[in-house]
Number of protein chains: 2
Amino acid sequence: MSTAEVAKQFTAALKAGKFDEAERYWSDDVVSYEAQDGPMREVRGRTAVHSKGEWWTANHDVHSFEAEGPYLNGDCFALHFKINVTPKATGQRTQMDEIGLYTVKDGKIVEERFFY
Amino acid sequence: MSTAEVAKQFTAALKAGKFDEAERYWSDDVVSYEAQDGPMREVRGRTAVHSKGEWWTANHDVHSFEAEGPYLNGDCFALHFKINVTPKATGQRTQMDEIGLYTVKDGKIVEERFFY
């Protein structure tokens, strides 16, 4: 599957809120990078990245989720996320605004990197 | 200058339409990558990247220019551009929607890469 096709199908799954379906496009060796220090800075492998998502979902009330894109260049694509959310730890409703940059190899997402 | 400071000042210059001022943050060896094939795919060095911008400005009527960001991760930052423009070659007004990904080294932008 081409990078463009992976980007299109992965993004469609996210926009439909089908996160389990989106994970089908991950490589087993997918690595997820956050911009800040801490345990989420670099998470390696399908099981760990899935757990990261589970943790996030369990700890946030999501009021709205918008993904713009995909935007393509070579074997990479970007998405722009705008997520209105209340972290359960703080109870403070906030607007998340971030870019996700994805790298595709052999038809699978091998890396996701978040910018904010 | 830190990546965050470069990102902030470069973005402020772009948002103010001060493109000459933005170029101060380029390395002399800056490389600019587009997503499509052709002569603009990879443009190397300050003089050539400046000429690329001059060409673009001379060949487009810009109706509005919006830059969201900067979004940071490590030595990179991203911007989301929404530009309403009429290419003089076609006369067809169109909405450009793209992500710019910038890499900073030693306080200067060494690479810009556009996604669309």
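User: What share of the contacts in chain A with a separation of 6 or more comes from residues 24 or more positions apart?

Analyst: This is a predicted model, where local features need pLDDT of at least 70, side-chain atom pairs count only at pLDDT 80 or more, and totals for chains, interfaces and linings use all residues. Residues are numbered from 1 along each chain as its sequence is written, chains are lettered from A and ligands numbered from 1 in the order written, and side-chain values use heavy atoms, without hydrogens or water. Contact means heavy atoms within 4.5 Å. Residues 24 or more positions apart supply this share of the chain A contacts with a separation of 6 or more: 42%.

User: Which pattern does chain A follow along the sequence?

Analyst: Helices (H or I, at least four residues) and strands (E, at least two) are DSSP runs, numbered from the N terminus. Chain A has three helices and six strands. Read along the sequence, they give α-α-β-β-α-β-β-β-β.

User: What is the radius of gyration of chain A?

Analyst: The radius is taken over C-alpha atoms, and the globule rule is 2.2 Å times the number of residues to the power 0.38. For 116 residues that rule gives 13 Å. Chain A comes close to it, so it is as compact as a globular protein of that length, with a radius of gyration of 14 Å.

User: Is B:Lys82 buried or exposed?

Analyst: B:Lys82 is found in strand E4 (residues 76-87) of chain B. Buried means under 20% relative accessible area, exposed over 50%, and partly exposed in between (1.4 Å probe, protein chains only). B:Lys82 has a relative accessible area of 18%, so it is buried.

User: Which side chain of chain A joins that of B:Lys82 in a polar contact of 2.8 Å?

Analyst: A polar contact is a pair of N or O atoms within 3.5 Å; within protein, one must be able to donate a hydrogen and the other to accept it, and residues adjacent in sequence count only if both atoms are side-chain atoms. B:Lys82 is in contact with residues including A:Lys82 and B:Asp97. Its polar contact of 2.8 Å is with the side chain of A:Glu68.

User: What is the relative accessible area of A:Asp106?

Analyst: A:Asp106 is found in the loop between strand E5 (94-105) and strand E6 (108-115) of chain A. Its phi is near 50°, a positive value in a residue other than glycine. A:Asp106 is exposed, with a relative accessible area of 75%.

Conventions. Lists of a residue's contacts leave out its neighbours within four places in sequence.
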